[in-house]
Amino acid sequence: MLSLDFIKTNRAAVERAARDKNVTIDLGQLLDLDTQVRALKTEIDGLRAERNAISGRFKDAAPEEKAELGRKAKEAGARASELESGLGEKQAALNELLMLVPNIPYDGAPVGPDETSNVVINTVGAKPQFDFEPLDHVALIEKNDWADLSRITQVSGSRTYCLKGRLALLETKLMGWALEKIANAGFTPITVPAIAREDAFLAQGQFPGHREETYQLPNDDLWLAGTAEVALTSLHSGEIVDNDRLPILYAGYSPCFRREAGSAGKDVRGLLRVHQFVKVEQYVVCEADEAVSAEWHARLLGLAESLLADLEIPYQVIETSTGDMGLGKYRMNDIESWVPSLGKYRETHSCSTLHDWQARRANIRYRDADGKVRFAHTLNNTALASPRILVPLLENHQTADGRVKLPRAMQDLMGGEFL
Ligand SMILES: Nc1ncnc2c1ncn2[C@@H]1O[C@H](COS(=O)(=O)NC(=O)[C@@H](N)CO)[C@@H](O)[C@H]1O
């Protein structure tokens with residue numbers, strides 16, 4: 001969310017951001033509502049002052065005057081409470097519109113409607129040259145009985161899976177390994193629930209725009225998050241954090257649930273796009289300074305790249321376009337890992353800077369060095385998400401006999417050269 005002051009003084013920039021992010025928002029209506037809300041508040045304050053003035057005169061008034069004063073005070077009070085209900089409605093309408101205002105995108109982001117405008121800014125690692133016909137991850141899994149991708153769908157529906165045997169062990173070790181790597185970089189490991197209240201999704205930015213992507217638990221007025229980012233954004237909601245406690249660094253681990261409502265027909269084979277998965281999430285709450293945010297953005301990206309280097313997976317870094325980065329992002333860099341069977345790089349990580357857009361929604365503030373209370377900045381990035389990461393991991397390291405030679409970092413974990 002942007003502040004009303006910012007919107008007023010930077011209206012053209014906000015309108016350009018809305019255009020570049022394909023967001024339809026009527027700033028004229030928003031600013032009119034703000035004017036009406038402020039006028040109502042002034043009128044209500046005036047009526048309250050009038051009533052207080054009258055009651056101040058009441059005790060010294062002559063008896064014949066008291067009745068008239070009482071009537072006037074009652075009238076002012078009644079008028080004030082009538083205006084207050086109107087104020088409540090207009091304030092709610094104003095807040096609803098404010099939740100739809102996009103963040104201003106990074107001026108280095110390609111301006112374009114969607115992922116087709118994304119730009120590759122770095123390519124790392126040599127794609128494997130197979131001297132045999134490589135298999136895709138589903139064939140490798142079937143050959144080694146590493147998962148159940150069919151029977152389970154009769155139990156749990158489409159886009160569900162069971163990992164089995166050494167692949168099940170590999171996923172759990174991968175998650176522990178990633179959590180520890182990020183923890184060793186100074187982040188506090190923290191397990192967070194996927195269960196969260198509606199306000200947490202509004203604060204993080206998933207709502208109001210993407211309810212249809214989110215599983216709901218209606219009997220309890222709760223929802224299931226698709227990322228630990230939801231709980232982590234609201235963990236310090238309402239707090240004023242002391243300056244010396246910043247930056248707050250979390251390595252969040254959680255199950256993730258996504259309806260993938262908008263993905264019918266996409267990635268239906270295998271493990272790329274499923275309804276439930278696990279993820280280690282990097283999360284930062286830092287001081288409201290663009291250079292500090294930019295430094296953390298680079299560090300988060302670097303940590304994800306170091307994990308991919310350890311897994312010996314070729315990847316490319318993407319500068320995400322204004323149309324693809326989403327409402328709250330200032331800047332987003334996706335990392336895409338090479339998937340031989342598709343002959344394409346596919347997104348496995350997403351690194352975002354949001355400045356104070358989330359902190360304003362979640363009400364996360366801090367006292368800066370001068371003691372001034374300000375909204376913080378927040379950032380997040382994927383450290384590792386499974387089972388999607390298993391797709392490039394299995395396919396890039398497969399051997400002619402259908403086994404998978406583990407990267408060095410995994411051999412120690414899995415106690416052997418092969419999965
Ligand atoms: N339906 C899905 N199935 C499997 N993996 C998924 C799915 N949706 C997302 N992921 C994985 O989760 C990663 C992060 O998802 S994201 O929406 O892009 N970004 C976030 O959730 C941010 N909080 C950064 O992690 C993706 O890059 C991908 O690796």
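The model is predicted, so local features need pLDDT of at least 70, side-chain atom pairs count only at pLDDT 80 or more, and totals for chains, interfaces and linings use all residues. Residues are numbered from 1 along each chain as its sequence is written, and side-chain values use heavy atoms, with hydrogens and water left out.

Domains to begin with. The protein chain is assigned domain 1 (4-100) and domain 2 (115-414), with bounds from an automatic or database domain assignment. Over C-alpha atoms, their centres are 43 Å apart. In contact, meaning heavy atoms within 4.5 Å, are 6 residues from domain 1 and 11 residues from domain 2.

Next, what is between them. The two domains bury about 670 Å², 62% of it on carbon and sulfur atoms; buried area is the accessible area (1.4 Å probe) that two parts lose on being put together, summed over both. On the side of domain 1 that touches domain 2, the residues are 3 nonpolar (Ala, Val, Leu, Ile, Met, Phe, Trp, Tyr, Cys and Pro), 1 polar (the others, Gly among them) and 2 charged (Asp, Glu, Lys and Arg).

Now the ligand. Glu260 places a polar side-chain atom 2.6 Å from a ligand nitrogen atom. For Val274, a backbone N or O atom is 2.9 Å from a nitrogen atom of the ligand. A polar backbone atom of Thr348 lies 2.9 Å from a ligand oxygen atom.

Technical notes. A polar contact is a pair of N or O atoms within 3.5 Å; within protein, one must be able to donate a hydrogen and the other to accept it, and residues adjacent in sequence count only if both atoms are side-chain atoms.
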